[in-house]
Amino acid sequence: MPTSRYAAMLAWGALIVLAAAAWFVTGTRISARLGFDAAAPGVGVIVAVAVAVTIWRWGRADHDAIALERGACPRCGAGLARRHEHALPGMRREGMLELRCPDCAFERIEPLTCDRCAT
Ligand SMILES: [Zn+2]
Ligand SMILES: [Zn+2]
């Protein structure tokens with residue numbers, strides 16, 4: 001694993017832990033103030049987990065976007081095969097770009113209109 005990727009993972013991990021801890025405290029305090037004293041730690045845990053999952057998704061989307069920009073598969077890092085289909089005349093269909101990984105089942109279709117796409 002390249003060092004930069006490892007560092008990015010560590011940074012995201014630290015961010016998740018910090019945010020989850022902060023939201024655990026906030027969630028516990030808010031529910032205690034609302035009178036749910038007994039349930040307060042439980043509410044804190046639920047809020048912390050929700051925050052952690054949200055940030056983890058951001059981190060993964062970030063990682064996917066960087067990999068796709070390099071033309072690499074976000075799952076296994078292999079080079080992606082690109083296939084472009086031109087738009088059909090009269091905008092019957094928009095142009096699209098199909099990215100497919102030869103090593104794993106990763107597949108993504110993105111809208112793409114190139115210079116030679118019929119307008
Ligand atoms: Zn085209
Ligand atoms: Zn792959």
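**View 1. An open, antiparallel sheet of three strands.** In this predicted model, an open sheet of 3 strands has the order β1-β2-β3 and antiparallel pairing. Strands are DSSP runs of E at least two residues long and helices are runs of H or I at least four residues long, both numbered from the N terminus; two strands pair if DSSP finds at least two bridges between them. β1 (81-85) and β3 (107-111) are the edge strands, each pairing on one side only. From one strand to the next, the twist averages 20°. Residues are numbered from 1 along each chain as its sequence is written, while chains are lettered from A and ligands numbered from 1 in the order in which they are written. Because the model is predicted, local features need pLDDT of at least 70 and side-chain atom pairs count only at pLDDT 80 or more, whereas totals for chains, interfaces and linings use all residues.

**View 2. The pairing of β1 with β2.** Strand β2 comprises residues 96-100 and runs antiparallel to β1, to which 5 bridges join it. Ala-81 has Arg-100 of β2 as its bridge partner.

**View 3. The β2-β3 hairpin.** A hairpin of 6 residues leads from β2 to β3. The two strands run antiparallel and are joined by 5 bridges. Leu-97 stands opposite Glu-110 in β3, and Arg-100 has Glu-107 of β3 as its bridge partner. Of the 5 residues of β3, the number buried is 0, so the strand lies largely in the open. A residue is buried if 20 or more other C-beta atoms lie within 10 Å of its own, exposed if 12 or fewer, and partly exposed in between, with C-beta atoms placed from the backbone.

**View 4. The crossing of helices α1 and α2.** Helix α1 (residues 3-33) and helix α2 (residues 40-69) have axes that come within 7 Å and cross at roughly 150°. α1 is therefore roughly antiparallel to α2, a term for angles over 145 degrees. Axes are lines fitted to C-alpha atoms, for helices over the stretch in contact, and angles run from 0 to 180 degrees between N-to-C directions. Residues of α1 that meet α2 include Trp-12, Leu-15, Trp-23 and Phe-24; among those of α2 that meet α1 are Val-47, Val-51, Ile-55 and Trp-56. Contact requires C-beta atoms, placed from the backbone, within 7 Å.

**View 5. The two domains.** The protein is divided into domain 1 (3-69) and domain 2 (73-119), with bounds from an automatic or database domain assignment. Taken over C-alpha atoms, the domain centres are separated by 34 Å.

How values were computed: Angles under 35 degrees count as roughly parallel, over 145 as roughly antiparallel, 65 to 115 as roughly perpendicular and the rest as oblique. Two residues are in contact if their C-beta atoms, placed from the backbone, lie within 7 Å.
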